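Try each task before you read its solution.

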Amino acid sequence: MLKPQDIVVLARLTQPDSARLTYPALGVALGMSASEVHAAVRRAVASGLLDKSRAPRNAALLEFLVHGLKYIFPGEWKGVTRGIPTSVGAPPLRSKFASNESPPVWPHANGAARGEGLIPLYRSAPDAALRDANLYEWLALIDAVRSGQARERQMAIAELGRRLS
């Protein structure tokens, strides 16, 4: 059974430099313990989303993100709060939508935007995203799939498909 932190780990493992990272290094990058990362990888391999060398199975991962993510890990809204923009409020989707005065945000003490609070997949995801721009984009796209309207989801799915092809 997948857990929300597994999706964060999978998003990080899509990056080209991931093959050389150790479990402790991935843990530091994601704000998780090495054992949490190892367990996430083990679950992702068992689910068929990663191969045994920790390389993503792109077709399976895209299929899961498109068809399963929003049902297993639906977006949970918190109300208006200050935080870090996500989904259509963050790159790469931000430029494709009209200026949204109240973008979806991950509630965060260091956030500069005010918007509708979307609970992140995992508690350390916003901090990890602030340290890694590529991971930030992946998590924002994933948030658009799990919590967005039809047009937002379709644009996020197209971008994820482009990145996984």
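A residue counts as buried if its relative accessible area is under 20%, and as exposed if that area is over 50%. Keep in mind that this is a predicted model.

**Exercise 1.** Find the aromatic pair in the structure and work out how its rings are arranged.

*Solution.* Start with the search: across the whole structure, one aromatic pair turns up. Its members are Trp 106 and Tyr 136, with ring centres 5.8 Å apart. Next, check the angle: planes under 30 degrees apart would be stacked and over 60 edge-to-face. Here the planes meet at 50°, so the pair is tilted.

**Exercise 2.** Which parts of the chain does this pair tie together, and are Trp 106 and Tyr 136 buried or exposed?

*Solution.* First place each residue: Trp 106 belongs to strand β2 (residues 105-107), while Tyr 136 belongs to helix α7 (residues 133-147). The pair therefore links parts that are 30 residues apart in sequence. Now apply the cut-off from above: both Trp 106 and Tyr 136 are buried.

**Exercise 3.** What sits over the ring of Tyr 23?

*Solution.* Look for a charge: the charged end of Arg 54 is there, 5.0 Å from the ring centre.

**Exercise 4.** How does the radius of gyration of the chain fit a compact globule?

*Solution.* Begin with the length, 165 residues. A compact globule of that length would come out near 15 Å, and the chain has 15 Å, so the two agree.

Definitions and conventions:
Residues are numbered from 1 along each chain as its sequence is written. This is a predicted model: local features need pLDDT of at least 70, side-chain atom pairs count only at pLDDT 80 or more; totals for chains, interfaces and linings use all residues. Side-chain values use heavy atoms; hydrogens and water are left out. Rings of Phe, Tyr and Trp (its six-membered ring) pair if their centres lie within 6.5 Å; planes under 30 degrees apart count as stacked, over 60 as edge-to-face and the rest as tilted. Helices (H or I, at least four residues) and strands (E, at least two) are DSSP runs, numbered from the N terminus. Buried means under 20% relative accessible area, exposed over 50%, partly exposed in between (1.4 Å probe, protein chains only). A charge sits over a ring if NZ of Lys or CZ of Arg is within 6 Å of the ring centre and within 35 degrees of the ring normal. The radius of gyration is taken over C-alpha atoms; the globule rule is 2.2 Å times the number of residues to the power 0.38.
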